[in-house]
Amino acid sequence: MSEQKLNGAISVQIPKTDFVPRKYEGPSTAEVVSLRRQYMNPGIFAYYKKPLMLVEGNGQYVYDEEGKQYLDTFAGIVTISVGHCHPKVVAAGQKQLETIMHTTTIYYNPEVALLAKELISKMPEGSGLNRVYFTNSGSEANDLAVLMSRMYTGAYDMISLRNGYHGMSEGMRGLTALKNWKFAVPQAFGVHHALNPNRYRGPFGYDDPDSAHKYANDVKDLIDHATPGKIACYIAECIQGVGGTVVLPDGYLKEVYKHVRDAGGLCIADEVQTGFGRTGTHYWGFEGHGVIPDIVVVAKGMGNGTPIAAVITREDVAMTMKTGLHFNTYGGNPVSCAIARAVLKIIDEENIQQNAYERGEQYMEGLLKLQKKYDFIGDVRGKGLMIGLEMVKDRVTKEPAVEETLQVMERCRDMGLLIGRGGLLGNVFRIKPPMCISEADVVFALDVMDRAFGEL
Ligand SMILES: Cc1ncc(COP(=O)(O)O)c(C=O)c1O
């Protein structure tokens, strides 16, 4: 472990590793920036004033073209679950690449069938969640989930949360409720956005013991006033990711699920970010709320960076989709499936969920100390390794400290720490590292953040 201490005066030093990055011989950062500007989608954005190009990864660390090591606490946007280039993941992918790369589900292949079985074995016992559909991305999987709910219920209306993010497909841009991810085109047919149960900024705060009930009542109110009283589904992330790590209050989902089911609807858990042990206490985010969804959507961490996603539902729901054929060219691709199988195994073998819990506790303790020290840290929240830190100019007015957030991010990068950013206005730090992060890494991250905050 490096010698630095939280708030200590010793120089900040990233934990040492035996890994030696290769000499990078590709185009320079400047050339890649120029290629991207000239040939790629002009709507994409990149972090940092001085462009950062990452050319290699190992465990929780990434390396730029000069071989500088960074601690990655954003994990490819909450995707690298068990570590960059985990040797067992690489070996599983390599073996499959050398065996057969693609078949589609019109032929039989063992990898996809075994992954389906192994994924279902991770669902809570007695949940009845026993059928899997494979897709390539979370957006596609969510699209399929809402289609299923409409087919199953014969209803059309759907409810999602303000500040929620569910993807960038045509359908998902409607359910998503953050202005940054919308275009001025017709969207969101049949979608109703319920109050965001944000106890830091919403009308019912942390100090309101009845907040879960009050936010849940808004869903009931929407059903009664904005729909025919029958709905197809309710979809929510258990902890909002892109929206800035907003944690749903305990008891909220239980009440909402009842209102939704009373209106004939299905409950969809978008576990794209919260799944695979990230919340620490449970394998799935919904388990922490004591509910069983009708449909679970998974992606990101499942493939540790490989494009793969899935919808898991009950047999009775799946059967309604049999009225039409279902096909997805790459959904169930053997290479992605072999990799996802390796990821599931590693999560168990290396106690990844337990590590997410312990490192999450360590992080929270350190961040709460920093909150006491710096007034512009308005809120610290999260579970396991899904943590948010909201920056404000003033704790009373809660005016978002956007510039300050950017400044801290830049300084952290200089010191070798990469952090994510989110929330409607971009004033929330998102800390969601590979779940193999070590105790020394967390000490380092906290120390770097302390110094960067201190410079504000
Ligand atoms: C909660 C959630 N759902 C769905 C998606 C969409 O996944 P994808 O980008 O793989 O389409 C995301 C992506 O960030 C997400 O965070």
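Guide: A polar contact is a pair of N or O atoms within 3.5 Å; within protein, one must be able to donate a hydrogen and the other to accept it, and residues adjacent in sequence count only if both atoms are side-chain atoms. This is a predicted model, in which local features need pLDDT of at least 70, side-chain atom pairs count only at pLDDT 80 or more, and totals for chains, interfaces and linings use all residues. Residues are numbered from 1 along each chain as its sequence is written, and side-chain values use heavy atoms, with hydrogens and water left out.

Visitor: Which residue has a polar side-chain atom 2.5 Å from an oxygen atom of the ligand?

Guide: A polar backbone atom of Gly138 is 2.9 Å from a ligand oxygen, while a side-chain N or O atom of Asp270 is 2.7 Å from a ligand nitrogen. The residue whose polar side-chain atom lies 2.5 Å from a ligand oxygen is Ser139.

Visitor: Are H11 and H13 roughly parallel or roughly antiparallel to each other?

Guide: These helices are DSSP runs (H or I, at least four residues) numbered from the N terminus, and their axes are lines fitted to C-alpha atoms over the stretch in contact, with angles from 0 to 180 degrees between N-to-C directions. H11 (residues 352-373) packs on H13 at about 15 degrees, with the axes 10 Å apart. Angles under 35 degrees count as roughly parallel and over 145 as roughly antiparallel. H11 and H13 are therefore roughly parallel.

Visitor: At roughly what angle do the axes of H12 and H13 cross?

Guide: H12 covers residues 402-414 and H13 covers residues 439-454. Their axes come within 9 Å and cross at roughly 130 degrees.

Notes:
Helix = DSSP H or I, 4+ residues; strand = E, 2+ residues; numbered from the N terminus. Parallel < 35°, antiparallel > 145°, perpendicular 65-115°, else oblique.
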